[in-house]
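Trainee: I am new to this structure and would like to go through it by question and answer. Please show it to me.

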Amino acid sequence: MAILVCGGAGYIGSHMVKRLVENGEDVVVADNLSTGHKKAIDPQAKFYQGDIRDRAFLDRIFLNEDIKAVVHFAAFSIVPESMSEPLKYFDNNTGGMITLLEAMRDFGIKYIVFSSTAATYGIPEHMPIKETDSQKPINPYGLSKLMMEHMMAWADKAYGIKFVALRYFNVAGAAPDGTIGEDHGPETHLVPIIMQVAQGKRPELSIFGDDYNTPDGTNVRDYVHVMDLADAHILALKYLEDNNQSNAFNLGSSTGFSNKQMLEAAREVTGKEIPAKIAARRPGDPDSLIAASDKARSVLGWKPQYDDVHDIIATAWKWHSTHPKGYDDRN
Ligand code: UFG
């Protein structure tokens, strides 16, 4: 039986597909290629191009393939964009989940692992953030994902579809063999932007604010390597099969790094100067976001391999320095 990866051509989804294939699983990818890259999909996976909001498209996959579980990455994820285009997020993210769960119900698919986000917590009440802390998102992106978590909880009660929601903190890095990596258009994330400055593709990094309530004044985030994240999804699938119950876990390293510290680490890893300036704050950035990740470690048995941001940045640099045009598939 196969695992269906929705959004398997995206940054995190493609790393998950690679890990599943390495583990000997049969993998089916569904992706509309709106932000993903066909070249990022492992050639051993079977690819269906289409949109998860299209019920006929999902039916075709579930009729053709023997699917045992779904891993769902197919969503928009840029916080500032969600502020200016909220309905785009509720349509694709929240609406897409309705169609997906309906199809899973009708085809008797019992398990789903879902990409949730630290953005569901909003302004943190405690640091580090625990899974039991209240979820009060402050942007449409976080709310679209929280609604998806709630939908899955009710679909569990009504139809017995069991889910694991994995609330990601800041995902970075690339496959250590350098075959796949992070390529968004436009790019908004800190690590790939720093890489682009190191490559000379951008003149300088703008650090958004240095007057936050943090030790050096710049935002503090919790970085987790994309392959460690993929491993957590594998463990979540096993958790569902072993326990047949739903749950939610934070995925982070439990260590915070400031934007200035990330820049310094990237200078050390790349040996490049990486010019930077302080710019205005970006709307919607909380001071610090750090995960309590002991639940994933104790319940799932998750053991992240990358506990040093230098190592995470080194894998990102390997991809960027060997793929100066990314996947080179944009018009
Ligand atoms: N930053 C800069 N300059 C840039 C880009 C980013 O200073 O050019 C800063 C941001 O202001 C922030 C930090 O770098 O302080 C990280 O920003 P990212 O855009 O890389 O990531 P976010 O923390 O905004 O968001 C990411 C994911 C979200 C997720 C969140 C959870 O994109 O989906 O982590 O922590 F919800």
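Predicted model: local features only at pLDDT ≥ 70, side-chain atom pairs only at ≥ 80, totals over all residues.

Trainee: Which residues around the ligand come nearest?
Mentor: A residue is near a molecule if its C-beta atom, placed from the backbone, lies within 6 Å of it. There are 20 residues around the ligand, and those that come nearest are Ala 118, Ala 119, His 189, Leu 190 and Asn 219.

Trainee: Which element gives the largest share of the shell around the ligand?
Mentor: Helices (H or I, at least four residues) and strands (E, at least two) are DSSP runs, numbered from the N terminus. The largest share of the shell is three residues, and the element that supplies it is S8.

Trainee: In what order do the seven strands of the open sheet stand?
Mentor: Two strands pair if DSSP finds at least two bridges between them. The pairing in this open sheet is parallel, and the order is S3-S2-S1-S4-S5-S6-S11.

Trainee: Which strands stand at the edges?
Mentor: An edge strand here has a single partner strand, so one side of it is left without a neighbour in the sheet. The two are strand S3 (46-49) and strand S11 (247-251).

Trainee: Over how many bridges do S2 and S3 pair?
Mentor: Asp 31 stands opposite Gln 49 in S3. Strand S2 (residues 26-31) pairs with S3 in the parallel sense, and the number of bridges is four.

Trainee: How many residues of domain 1 are in contact with domain 2?
Mentor: Two residues are in contact if their C-beta atoms, placed from the backbone, lie within 7 Å. On the side of domain 2, 25 residues take part, and on the side of domain 1 the number is 28.

Trainee: Which element gives the largest share of the side of domain 1 that touches domain 2?
Mentor: Elements that each supply at least two residues of this side include helix H3 (79-84), strand S7 (170-172) and strand S10 (223-225). The largest share is six residues, and the element that gives it is H7.

How values were computed:
Residues numbered from 1 in each chain as written.
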